[in-house]
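Here are a few notes to read alongside the structure. Have it open and follow the points in order.

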2 protein chains.
Amino acid sequence: MGEFELLARMRERLPPGGPRLLLGSGDDAAVSVPGGATATSVDALVDGVHFRREQSSLAQIGRKALATALSDLAAMGAEPGEAYVALGVPDDVGEEDCLELLDGLAELASATGTSLAGGDLTRAATLTLTTTVVGHAPSPSHFVARAGARPGDVLALTGEIGGASAGLLTLEQPKLAAGLGAAIATRLRERQLDPRPRIEAGQALAEAGATAMIDLSDGLGGDARHVAAAGGVALRIEAAALPLAAGVVEVAAAADRDPLELAVSGGEDYELLAALPPERLEKAQAMVGRDGLSLTRIGEVRGGEGVEVRLPGGALLKATGFDQLG
Amino acid sequence: MGEFELLARMRERLPPGGPRLLLGSGDDAAVSVPGGATATSVDALVDGVHFRREQSSLAQIGRKALATALSDLAAMGAEPGEAYVALGVPDDVGEEDCLELLDGLAELASATGTSLAGGDLTRAATLTLTTTVVGHAPSPSHFVARAGARPGDVLALTGEIGGASAGLLTLEQPKLAAGLGAAIATRLRERQLDPRPRIEAGQALAEAGATAMIDLSDGLGGDARHVAAAGGVALRIEAAALPLAAGVVEVAAAADRDPLELAVSGGEDYELLAALPPERLEKAQAMVGRDGLSLTRIGEVRGGEGVEVRLPGGALLKATGFDQLG
């Protein structure tokens, strides 16, 4: 089967596109009718760097590729629109494997209202998925950028953190999960292998008046620094307030690591960190909570620069990433 | 230097974005204000598959990555808007190399009015550039898809063909260029290494009333088949009418190949093939000619299916690609 035949089989499996998509995969370009403003992001996932084929099913890899891209749209408060996936396929990934990857992509696309509108298929030395996502809003002012946090704003975090990092540790050293219940161990691995973008929460936070927002891909400490730098402000995070995922404390203990390190320096949780005027927090919590997701106040925006983490004893740590907290 | 520092250096070198781009590289997503309709296409270029680092400068590779993506927008008649480039970088490609790649991208972006609006940077086993381009039009009806050719339409081709294929032959076997003047030999190599998208011609053909359009990436025979299949029509191409690039006949002779094979089955010319009502041809030729580019009538649309090439002696060949013509 050649490239064109495989592409035809892949097209047959695509879920129907949304109303914005007038012409999907198969022409020179996809044609869509955007909203008044678009947010566009590109994310490349490479085998051995962002996932490992021996740890993930191909469907999980497909879902993760779309999830990490959509997480950037969530952090803008955008409505998901179209996704375009360029697939680089090594010789040992066959046609059925490509279809399984696509099924994973299509599953999350359907669940999030994203149209798989096109892409590319090429040979490559390692399995690579490069996903471009386009999100929509009625006007540019509906989007929430990284800049915009103001002194006096509170910092709010969706969901729980440290789970993806703890999950990765248990994937690399299964004995670290020995003290966990099966459900918690599974959940930690899924946080690493099968992240879900916080799309509704992002839209809710935008609507509730978030002044700045970012998704946690590199880790809370590093991503908070991006928000501080973009806004020309300082962020103070209260370590005691951080919502740790269930099992993080146990895995950290088994690995002789500080759970705070996993929470602050561990990446790939794909939760949202937002700055909000304090009077907007309650409304935001109610809106985010509609989907059963928590929104935790974890600190505040101050004058100055950089990010500091206040430990339970009162000491302040400059959050510069893994090393200083490790 | 880490990823963030390199990204910061790359951002400094980006040419200013166009008026549609409100927020460029550096946030979770780029924010732009689209036209009434967008055309979006993704193209991945992999070292050893689509280019060879030993044959091309890094600036040429950067330009080619953007050029091949923009060629798809040209084939829609779209106005170029934004480009997003995901760069997969192997260990032996350093920071200065990345900046040279970017300079090539930026040069063509500036020349075509394209905003380099974002992207991604990751490690990879081989150098890979995945480029997503977004083009604009006032409404979806301004775009020209592959479908739409009607029996009675004429087939028109911009520029000259066979040059990229002949250029590749001379790159692989320099002695094949021995009989050519230096300027022609250089031009053939540039057709292969440094293609230019026919953006203005695509917009002119759309405005002149093209009913179907495609860019020649796979080769005239194969790309014509896409137009025939999408429109449910047959295409007849007159071999004698094909505008061969200077030097193609000589290189084909030196390589003991048929020049028609290079013209019909050789890919990567990135010229545009359009179907037009006959009464629109003259206007289209005048509009395309404004930029000094030729528009040649090379055949016609008929009832039926498939593509046939009429040889100078009158015999008909089914164009199914390289094999039957080789």
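Predicted model: local features only at pLDDT ≥ 70, side-chain atom pairs only at ≥ 80, totals over all residues.

1. The axes of helix 1 (residues 3–13) of chain A and helix 3 (residues 95–112) of chain A come within 10 Å and cross at roughly 30 degrees. Angles under 35 degrees count as roughly parallel, so helix 1 of chain A is roughly parallel to helix 3 of chain A. The crossing of these two helices is right-handed.

2. Who does the touching here? On helix 1 of chain A, look for A:L6, A:R9, A:M10 and A:R13. Helix 3 of chain A brings A:E95, A:E96, A:C98, A:L99, A:L102 and A:D103. Sorted by class, that contact has five nonpolar and five charged residues, with no polar ones.

3. Now hop over to chain B and find B:R198, in the loop between helix 5 (182–193) and helix 6 (199–208) of chain B. Is B:R198 buried or exposed? With a relative accessible area of 19%, B:R198 is buried, because the cut-off is under 20%. Leaving aside residues up to four places away in sequence, B:R198 touches B:A74, B:T158, B:R191, B:Y270, B:E271, B:L272 and B:L293. With B:E271 there is a polar contact between side chains, at 2.8 Å.

4. Last, a backbone detail. Most residues other than glycine have a negative phi. A:E268 is not a glycine, yet its phi is positive, near 70 degrees. Find A:E268 in the loop between helix 9 (259–265) and strand 10 (272–276) of chain A.

5. In chain B, B:E268 has a positive phi of about 70 degrees. B:E268 sits in the loop between helix 9 (259–265) and strand 10 (272–276) of chain B, and counts as buried at 19% relative accessibility.

Technical notes: Residues numbered from 1 in each chain as written. Chains lettered and ligands numbered in written order. Heavy atoms only, no water. Axes fitted to C-alpha atoms, helices over the stretch in contact; angles between N-to-C directions. Helix = DSSP H or I, 4+ residues; strand = E, 2+ residues; numbered from the N terminus. Parallel < 35°, antiparallel > 145°, perpendicular 65-115°, else oblique. Left-handed = near helix turned anticlockwise from the far one by under 90°. Contact = heavy atoms within 4.5 Å. Nonpolar A, V, L, I, M, F, W, Y, C, P; charged D, E, K, R; others polar. Buried < 20%, exposed > 50% of the residue type's maximum accessible area, 1.4 Å probe, protein only. Polar contact = N/O pair within 3.5 Å; in protein donor to acceptor, adjacent residues only side chain to side chain.
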